[in-house]
Amino acid sequence: MEAVALYNFRATESDELSFQKGDTLKITNMEDDPNWYTAELMNKKGFVPKNYISVKPHKWFAGRISRQVAEGRLRNRDCGAFLVRESESAPGEFSMSVSYGDHVQHFKVLKDSYGHYYVWDEVFPSLNQLVDYYRTNSIARERTVFLRDGEHMLRKPQHAHALFDFNPQHNSQLCFLRGDVIDLLDCSDSQRWKGRCNGRVGYFPPEYVQPIYN
């Protein structure tokens, strides 16, 4: 979670965090004190007064909920539905829960010595950028799972743009070229989708296309 500083703030206690108007802070805890949040700025941590900042809300941030509650919210949701929650075992850290369609997978969001976030090898200065990256890059290693939220979870895409040429290896697969528009017939399997293109119907890997939601 991020927040923008509305005013300058000069720390008067050792556990407070100074900042300037316009700074972007990483909010790590919002629930322990009604008037103060814990935050990070330039690899420094401390308390900040909540009336000095404006939090950028995200529907995917669930706050402090348990692993079990996260699974309940995501159970039976489309593959890629997700939320970010405060870690139960490590206060100030985060976990990401992602629906795989048939089950919910949990990822620990790690931080390096510079305060940057990562799940795998790619490193990001904010949670927002990490989430945005995995909207178009698979969060899973063993299958293809793109993060999806909001209206994307409420309705399924009907069409997709081909990002690359796809040459079938057997007759059940669908041939298409980069730029083709594919009618999506079945997206329930995270490892292969079924579609129609140029009068032919077949299966293809979802990482070759970009769904169209409008």
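Note on a predicted model: sheets, helices and cysteines

1. Six strands make up an open sheet with mixed pairing, in the order S6-S7-S8-S9-S10-S11. Its edge strands are S6 and S11, the latter being residues 123-124, and each of these pairs on one side only. The model is a predicted one, and every point below should be read as a description of that prediction.

2. The pairing of S6 and S7 comes next. S6 consists of residues 61-63, and S6 and S7 pair in the parallel sense over two bridges. Phe61 stands opposite Val84 in S7. Between the two strands the chain passes through helix H1, residues 67-74, and this β-α-β crossover from S6 to S7 is right-handed. Gly63 has Arg85 in S7 as its bridge partner.

3. How is S7 joined to S8, and in which sense do they run? Five bridges join S7 to S8, which covers residues 94-99, and the two strands run antiparallel.

4. Is S7 mostly covered or mostly open? The strand, residues 82-86, is mostly covered, with five of its five residues buried. In a regular strand the side chains alternate between the two faces of the sheet. In S7, Phe82, Val84 and Glu86 point one way, Leu83 and Arg85 point the other way, and all are buried.

5. Helix H2 has a buried side. Leu127, Asn128, Leu130, Val131 and Tyr134 of H2 are buried. These residues lie on the same side of H2 because they cover an arc of only 165 degrees around the axis. An α-helix has 3.6 residues a turn, so residues three or four places apart point the same way. The buried residues of H2 pack against S1, S7, S8, S9, S10 (117-118) and S11.

6. Asn128 deserves a separate entry. Asn128 lies in H2, which runs over residues 127-136. Asn128 counts as buried because its relative accessibility is 10%, under the 20% limit used for that term. Which residues does Asn128 contact, leaving aside its neighbours within four places in sequence? Asn128 is in contact with Glu2, His58 and Trp60.

7. Ala5 is placed in strand S1, residues 2-5. Ala5 has a relative accessible area of 4% and is therefore buried. Ala5 and Gly22 are 17 residues apart in sequence, while their C-alpha atoms are 5.0 Å apart in space. Not counting residues up to four places away in sequence, Ala5 touches Phe19, Gln20, Lys21, Gly22, Asp23, Leu25, Tyr52 and Ile53.

8. Another sheet has five strands. This open sheet has the order S15-S14-S13-S12-S16, with antiparallel pairing. The edge strands are S15 (200-204) and S16 (209-212), each pairing on one side only. On average, neighbouring strands of this sheet are turned by 40 degrees against each other, with direction ignored.

9. Within that sheet, S13 and S14 can be described in more detail. S13 spans residues 181-186 and S14 spans residues 193-197; three bridges join them, and they run antiparallel. Asp183 stands opposite Arg196 in S14.

10. How many disulfides does the structure hold? The structure holds zero disulfides. Cys175 is in no disulfide, and the nearest cysteine sulfur to that of Cys175 belongs to Cys197, 8.0 Å away. Cys197 is likewise in no disulfide, and its nearest cysteine sulfur is that of Cys175, also 8.0 Å away. The 8.0 Å between these sulfurs does not qualify because a disulfide requires the sulfur atoms to be within 2.5 Å.

11. Cys197 counts as buried because its relative accessibility is 4%.

How values were computed: Residues numbered from 1 in each chain as written. Predicted model: local features only at pLDDT ≥ 70, side-chain atom pairs only at ≥ 80, totals over all residues. Heavy atoms only, no water. Buried < 20%, exposed > 50% of the residue type's maximum accessible area, 1.4 Å probe, protein only. Helix = DSSP H or I, 4+ residues; strand = E, 2+ residues; numbered from the N terminus. Pairing = 2+ DSSP bridges. Right-handed = clockwise from strand over helix to strand, strands pointing away. Contact = heavy atoms within 4.5 Å. Axes fitted to C-alpha atoms, helices over the stretch in contact; angles between N-to-C directions. Arc of directions from axis to C-beta.
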